[in-house]
Amino acid sequence: ILGGQEPAGIAIGSLVPFLFSMNDTGKIGGKKKALDLLIELRKKLPNSFIHVLGAGGTMSYLMHYIGVDSLDNSGWIKKAGFGAIQMPGISDRFIYHTEKRKSLDDDLHALDSWLECVCPACSSTLNRSKFYGKTEKARFLRAMHNVYVYQSEIIRLRKFIQEGRIREFVWKRLQNSIYRRLLEYVETKINPRNNRKLDEFL
């Protein structure tokens with residue numbers, strides 16, 4: 001703390017390498033290190049506004065849960081470029097099949113959610129095939145959909161934070177995702193005596 005006083009705000013960067021680093025526990029190990037750092041920072045600066053540079057996406061749920069105030073990222077447009085769309089509680093699905101990631105055709109629940117989407121991109125066309133492919137139009141539609149989902153999630157998250165229910169919101173979003181292990185890890189760090197089960201949020 002500079003000058004013995006807690007700063008009004010602080011921006012922290014260089015976390016992206018942690019989020020993608022590999023060690024004996026795989027990628028989750030690097031993510032744990034990033035979360036540990038932010039948890040410790042929040043403890044030392046309980047009243048400061050903390051902004052995280054360049055790290056968002058699904059990790060933003062966990063970062064907000066441990067006390068980060070804001071983040072910035074361009075994942076929504078990058079994912080659109082790679083052919084992925086985002087959906088609340090389901091995470092990313094590729095419009096077309098790849099060897100590494102699930103596609104919409106592999107997950108009927110995700111497909112149904114997408115077909116029911118009312119964002120400007122989805123509402124502007126009844127022909128969902130326009131989202132497919134590598135054309136500029138297809139990338140634009142995917143990006144518009146993704147940013148709408150991202151902003152809608154932020155609005156919901158703010159409401160749950162104001163109501164003191166952020167834990168409930170984050171559990172609902174991550175309970176069936178690959179990030180559940182990280183969420184359980186965070187729980188041991190910030191709520192070590194809280195033994196409430198996930199069933200309470202279902």
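User: How should I read a pocket here, and what volume does the second largest pocket have?

Analyst: As a general idea, rolling a probe the size of a water molecule over the atoms shows where empty space is left. In this predicted model, the second largest pocket has a volume of about 230 Å³.

User: Which residues line the second largest pocket, and which helix gives the largest share of that lining?

Analyst: The lining is made up of Met87, Pro88, Ser113, Glu116, Cys117, Val118, His145, Tyr148, Val149, Ser152 and Arg156. Helix α7, which spans residues 136–162, supplies the largest share with 5 residues. Sorted by class, the lining holds 6 nonpolar, 3 polar and 2 charged residues.

User: Why is Val147 called partly exposed?

Analyst: Partly exposed covers the range between under 20% (buried) and over 50% (exposed) relative accessible area. Val147 is therefore partly exposed, because its relative accessible area is 31%.

User: Where does Ser177 lie, and how far apart in space are Ser177 and Ile90?

Analyst: Ser177 sits in the loop between α8 (166–174) and α9 (180–190), and with 22% relative accessibility Ser177 counts as partly exposed. Although 87 residues separate Ser177 from Ile90 in sequence, their C-alpha atoms are 7.4 Å apart in space.

Key
Residues are numbered from 1 along each chain as its sequence is written. This is a predicted model: local features need pLDDT of at least 70, side-chain atom pairs count only at pLDDT 80 or more; totals for chains, interfaces and linings use all residues. Side-chain values use heavy atoms; hydrogens and water are left out. On a 1 Å grid over the protein atoms alone, a cavity is a set of points where a 1.4 Å probe fits but cannot get out, and a pocket is an open set with protein on both sides within 12 Å along at least five of seven lines; lining residues have an atom within 4 Å of a point. Grid points are joined across faces, edges and corners, and a volume is the space filled by probe spheres set on the points. Helices (H or I, at least four residues) and strands (E, at least two) are DSSP runs, numbered from the N terminus. Ala, Val, Leu, Ile, Met, Phe, Trp, Tyr, Cys and Pro count as nonpolar, Asp, Glu, Lys and Arg as charged, and the others, Gly among them, as polar. Buried means under 20% relative accessible area, exposed over 50%, partly exposed in between (1.4 Å probe, protein chains only).
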